[in-house]
Amino acid sequence: MEWVRSGGEKRRLLGELLIERGLVSRSGLRSGLDEQRLRGGRLGYNLLKAGNVTPAAFHLFLRDHLAAIAPDLFESIRATPAIDLIPARLAHHYGMLPVRVEDGVMELAVATADRPSLIPAVEQLTGLRVEPIVCPPALIAASLQRWYPGEIEPGILYRAAGDNLFVISDRSRGIRPALPELLRADAASSDWLRAIGGEAMRRGSRRIRIEPHGGAARAALNGSGDGTEFIPIPRGAYPGIMQLLEGISGMAARGRVVPREGRVALRADDRRLIASVRALPGIEGGSSILDLRDRRVRELGREVRWARLPELASALDSVCSERRGLILVAGPGPEERAAGAGAALDLLEDALPSRAALGSWLPRRPEVQALEGIGDDPIPLDVRISRALEAQPDLLLLPEIDLREDPGPILELANRQVLIAPIPAGDAFEAAEWLSRSTRGRAKSTGSIAGILATRLLERLCGSCRHPFDLHDLLSPGPSHRAAGPGRYFLTQGCVSCRESGVIDLEPVFEFLPGPLAASFPPGADAPSMRERCARDGMNTLFHAGLQQAAAGAVDVREPLRLLLHELP
């Protein structure tokens with residue numbers, strides 16, 4: 001049983017802290033200690049493996065206390081993980097991070113204890129004895145994003161926030177689906193999945209069912225209007241396809257959750273879809289169902305935008321009066337960033353009427369002039385901006401910011417021009433951390449920023465199959481839990497009206513970090529500490545905004561919980 005330090009002075013046992021907070025019963029703690037004495041390892045991992053502590057509640061406890069309990073471990077995860085020991089593909093797939101190696105023992109950060117065969121497999125891979133340590137999944141994901149490449153192979157992109165991306169086709173990169181009948185049995189799993197997805201989209205199918213059949217496997221394409229069509233899959237290719245689906249949909253990293261559901265973003269050139277994935281057991285073997293749906297973002301009225309974003313409206317008023325300033329629009333994907341920019345443009349109404357956009361990240365809007373002739377990537381950004389400014393626009397929308405480049409020139413331009421720029425970040429605080437790190441905390445450099453607007457798109461509830469959900473079922477310790485009555489939260493079970501409709505309805509939620517507040521954080525401040533401080537001061541963060549919409553019955557309650565547990569360290 002490990003000793004931990006709490007409050008900087010008094011040393012206390014981890015089990016004592018867990019009992020004090022109601023996360024484990026005394027009998028459950030004894031069971032975990034018996035397992036620890038018998039098999040060794042960390043107490044937290046043994047408690048989770050034996051089911052004596054609720055995973056979500058334990059993750060929340062660790063998120064709040066890991067830095068104080070084990071500061072050296074926390075710092076190693078954030079700053080110096082031993083990334084050369086495990087390939088990026090496996091690290092992303094299972095949501096695990098090699099932390100450090102001492103005396104032939106590798107400490108491995110994991111979020112679940114649901115795969116007992118994983119630890120021996122990693123020991124066989126590395127030649128080291130592995131000691132698993134339970135850590136918050138969001139902390140692991142953030143470190144994976146920072147230290148490992150997100151694109152493990154062309155067209156497969158893992159993200160710390162939002163849905164992972166699987167590219168069906170991209171002419172500019174030479175990615176295209178092959179015809180299934182032309183693929184070899186030993187072709188890569190990504191090639192098989194890309195071929196199946198491309199064929200489904202070509203035939204207008206809304207559902208793909210991948211299942212074992214007659215000693216091999218097949219993909220059944222439904223919803224095209226011409227009945228069900230089948231694509232044979234060699235038996236050797238089937239396990240790899242199922243493993244790939246588990247990984248990119250997020251199911252593998254989230255452990256043994258019932259029902260097993262996930263989601264992945266698909267892109268076929270200019271078309272973007274969402275695939276909701278369900279894994280089902282079967283006599284011959286497991287099967288997966290993919291429901292392909294186009295995104296439909298709910299349009300918010302001006303009054304709703306004003307009510308949800310009063311500080312953004314105030315910042316835009318200041319920008320309009322001074323005719324200068326930069327609004328950073330943060331989001332994990334282009335759809336979120338476009339929704340945030342659209343919200344800012346709608347709040348401006350008739351102010352700053354002359355608007356021009358570089359690049360094609362923003363969907364066509366009649367009030368924004370697309371400067372396509374000077375928006376080509378081969379032209380340096382500073383040259384493109386200079387040409388765009390010749391038209392003297394009141395508002396210039398820049399292309400996506402490259403986090404590897406110095407933001408100084410953009411910040412300098414914002415001292416004399418109104419700018420909106422998208423930035424690939426999970427939330428406003430992650431963008432603020434990058435800004436502080438890039439400008440080395442120079443207040444003068446960040447003074448031109450009017451604010452950082454972050455947007456997330458959460459799945460709306462289906463009115464036909466929504467089901468009441470008690471948050472205690474997810475967050476209670478389990479052994480001592482007595483079921484309470486149903487709460488006012490709901491989740492979507494999945495039915496013909498939503499899963500097979502061909503459309504996923506998304507609700508935008510926002511958080512806005514004003515420029516002066518973003519500049520007030522000390523140099524080197526990290527996103528979690530910024531987020532905690534602002535949440536404590538009453539700021540409406542993305543999680544709180546999502547939970548408000550869930551409490552109002554607008555979105556599935558699992559959406560904001562996913563933000564809290566898996567994406568916001």
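Is Asp269 buried or exposed? Before I answer, please keep in mind that this is a predicted model, in which local features need pLDDT of at least 70 and side-chain atom pairs count only at pLDDT 80 or more, while totals for chains, interfaces and linings use all residues. Residues are numbered from 1 along each chain as its sequence is written, and side-chain values use heavy atoms, with hydrogens and water left out.

Asp269 is buried, with a relative accessible area of 18%, where buried means under 20%, exposed over 50% and partly exposed in between, for a 1.4 Å probe and protein chains only. Asp269 sits in the loop between β12 (260–268) and β13, and it has a positive phi of about 55° although it is not a glycine. Helices (H or I, at least four residues) and strands (E, at least two) are DSSP runs, numbered from the N terminus.

Asp103 also has a positive phi of about 55° without being a glycine, and it belongs to the loop between β3 (97–102) and β4 (105–110), but Asp103 is exposed, with a relative accessible area of 82%.

Turning to strand β13 (residues 271–280), we find Val277 there, buried with a relative accessible area of 0%. Leaving aside neighbours within four places in sequence, Val277 is in contact with several residues, including Ser249, Met251, Ile289 and Leu290, contact meaning heavy atoms within 4.5 Å.

Finally, in helix α14 (residues 381–389), Arg384, Ile385 and Ala388 are buried. Seen down the axis of α14, the buried residues fall within an arc of 100°, taken from the directions from the helix axis to the C-beta atoms, so they line one face of the helix. What covers them includes β18 (395–397) and α15 (408–413).
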